[in-house]
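Please read the following report alongside the sequence and the structure, and look up each part in the viewer as it comes up.

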Amino acid sequence: MAVTLQDVVRQLNRDEPDYVRAAQLGPEALPHLRQLIEGDDLGLAAKATYLAGIMNADESTRLLEIAARHPDPVVRVAAAASARNLTRITASLAVTFLDDADPGVRKWGLRTVEVNQPQGIKPNLERIMKDDPDIGLRERARKVLEGMP
Amino acid sequence: MSNRIAFNPQDRFVVCIGSTLIVTTRNGDTFGHDITGHTADRFFQFAGAKAAFNPGDRFVTTLGNTLIVITQTGDVFGHDVSGRTIGPAFKFAGSKAAFNAVDRFVVTIGNLLIVTTQNGDVFGHEVSGRTIGAPFKFAGSKAAFNTVDRFVVTAGNTLIVTTQNGDVFGHDVSGHTIGPPFKFTGSRMAFNPQDRFVVMVGNTMIVTTQSGAAFGADVVGRNIGAIFRLNPDLCIRLHLKVWTTPNIAIQTMLTNMQDLFGTAGIGVVVASREDLTGFNIKTALRDLDVVPNCPGGQLTGEQVQLFNNRDNVGEFDVVVHFVRSTSPVLNGCASHPADVFGAVVTQVASAWTLAHEIGHVMDLRHIGGEDTNCPASTPNCCSTPNFSRLMTGCGTGNIAGTPILIQGEIDTLRNNSRTRPS
């Protein structure tokens, strides 16, 4: 049975969505997730972003790239956090997170690259380690760098 | 309790002037409770004259700042009320009023004294200064003639009749015409046998009981709002830690919670509010790492760190951290350490998320029956959601109006160690 937008919204409109169960909707949900990410409802956009990462499908990276450019940091944080669930993450997406103006996005970007280590991001990590206004993020970047191959 | 209302056997009439609920007694002493929102202050005794203490006094109502006492013989007396003082009695000139045996209820709208009778005919008297005008019969509908009609009050230009089963009917009064009856939507009112007096304070209908507990509901248009308990006997003390201002105002979430928990006789008190939105505050905790699905007792290091911010939090208090977001993305999460009770609420929370998460903290679970005939791939498909309940698992953002707590949930809340005597 085809997955409808309503099926997706029902999963995400909860106060506490169960993302593992929601991911059972399968790849047919991905076009609806894109619609929600690009829609006006901030909560649904953030939740759809998170679910896109959890699904870890071919289209997931594309959706997280869209979410990573969202004007609201709540959605960008969701993208940075959920990128941890992808099998691999492109350097360009990782850099988008690490260079974000919002410290919450950078925080979750650091966590993601700690798990899923793309090549070519060390200059961005070094910049955070040296110059980030958030002392906690500087320390986190140092630890991530130490763990990089 | 000192702020129980009209529970003494000798209490005889209950009326209202402004926001003060007035209780007259058989010996003529008169007491008041100032009503503010959902709270009735401790009683005070009016100074000045005694009122409505004669056995022949039959009806008491108010008109402006005047307490009006009507006797069995139809004589009408008044007492001007100034502050907390009852003025001396004076007798109205003009007509007698409400002296027929069939006269049943007496209320006022504007300067009209309105008398309803057992057969539903409604009569009026224009009151001018200290003179009662000649009686006239209202045109239009009959009113309040059913034997099950129990109380009659007024709100604005509407005559409101409550029945024994709690149904509430209204008649709009225009000039000297009674409009056709309509039934109010919303809550049923004053259907318990122990309900003793009904009075309107502003737009709030207040029902007092024999025990002195009082309940209220706001009347808006043709709808009776959720019933709340005036002066809850229990309360929850909340400490609000604001890391981020949510999209829906905290005050809105709080008022919703107060209204709903009030229906369980539980007040919600904000014991402290701490602003943590400043630039130099630990930004890492604003976007909080939480354990997926918020299982009880399982916390991430960040959750532990967050709940270590417990300034001013007493043993039985509840802390709410308003964070920007969680990962996974949630509206809220009720996981908390064993030694401090609380929840987080995120920027994208609904107007009911705060009450919902505190419900979880107080041991309420999601309601059952919302996932019927779901496909195996999505067993929690919310095919049959119930958005009239706070503890819906299908999203409090879908709740329209005020949800309910069922008796079992009320019992759970009231028996929780976090609820303390007011």
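## Chain B as a whole

In this predicted model, the secondary structure of chain B comes to 4 helices and 36 strands. The C-alpha trace of chain B spans about 80 × 50 × 35 Å along its principal axes, and of its 422 residues 45% count as buried.

The domain assignment divides chain B into domain 1 (11–230) and domain 2 (234–421). The C-alpha centres of these two domains of chain B lie 41 Å apart, and the contact between them joins 6 residues of domain 1 to 6 residues of domain 2. On the domain 1 side of this contact there are 3 nonpolar, 2 polar and 1 charged residues.

## Strands of chain B

Another group of 5 strands in chain B forms an open sheet in the order S18-S22-S21-S20-S19, with mixed pairing. Its edge strands are S18 (139–140) and S19 (149–155) of chain B, each of which pairs on one side only. Within this group, strand S21 (residues 168–174) and strand S22 (residues 177–183) of chain B run antiparallel and are joined by 5 bridges, and B:Gly170 stands opposite B:Phe182 in S22(B). In general, strands of a sheet pair through backbone hydrogen bonds, either parallel or antiparallel.

## A buried strand residue

Is B:Leu21 buried or exposed? B:Leu21, which lies in strand S2 (residues 20–25) of chain B, counts as buried because it has 26 C-beta neighbours inside 10 Å, where 20 or more are required. B:Leu21 and B:Val199 are 178 residues apart in sequence, yet 8.1 Å apart in space from C-alpha to C-alpha.

## Enclosed helices

Helix H1 (residues 5–12) of chain A is largely enclosed by the rest of the structure, because 6 of its 8 residues are buried. The buried residues of H1(A) are A:Asp7, A:Val8, A:Val9, A:Arg10, A:Gln11 and A:Leu12, and what covers them includes helix H2 (19–22), helix H3 (30–37) and H4 of chain A.

In chain B, 9 of the 9 residues of H3(B) are buried, so this helix too is largely enclosed by the rest of the structure. Among the elements that cover the buried residues of H3(B) are helix H1 (250–262), strand S32 (318–322) and strand S35 (341–345) of chain B. Just after H3(B), B:Asp363 takes a positive phi of about 80°.

## Cores and the contact between chains

The largest nonpolar core has 93 residues, of which A:Leu33, A:Ala48, A:Leu51 and A:Ala78 touch the most other members. Helix H4 (residues 42–55) of chain A gives the largest share of this core, 9 residues. Apart from this core lies another, of 65 residues, which includes B:Ile35, B:Ala52, B:Ile114 and B:Val219. In soluble globular proteins, nonpolar side chains tend to be buried together.

A:Ala78 touches residues of both chains, including A:Ala46, A:Tyr50, B:Ser325 and B:Val329. Overall, 35 residues of chain B are in contact with 27 residues of chain A. On the chain B side, strand S33 (325–327), strand S34 (332–333) and helix H3 (353–361) are the elements that give two or more residues. The residues of this side divide into 13 nonpolar, 18 polar and 4 charged.

Methods
Residues are numbered from 1 along each chain as its sequence is written. Chains are lettered from A and ligands numbered from 1 in the order in which they are written. This is a predicted model: local features need pLDDT of at least 70, side-chain atom pairs count only at pLDDT 80 or more; totals for chains, interfaces and linings use all residues. A nonpolar core is a set of buried Ala, Val, Leu, Ile, Met, Phe, Trp, Tyr and Cys residues joined through C-beta atoms within 7 Å. A residue is buried if 20 or more other C-beta atoms lie within 10 Å of its own, exposed if 12 or fewer, and partly exposed in between; C-beta atoms are placed from the backbone. Two residues are in contact if their C-beta atoms, placed from the backbone, lie within 7 Å. Ala, Val, Leu, Ile, Met, Phe, Trp, Tyr, Cys and Pro count as nonpolar, Asp, Glu, Lys and Arg as charged, and the others, Gly among them, as polar. Domain bounds come from an automatic or database domain assignment. Two strands pair if DSSP finds at least two bridges between them. Lists of a residue's contacts leave out its neighbours within four places in sequence.
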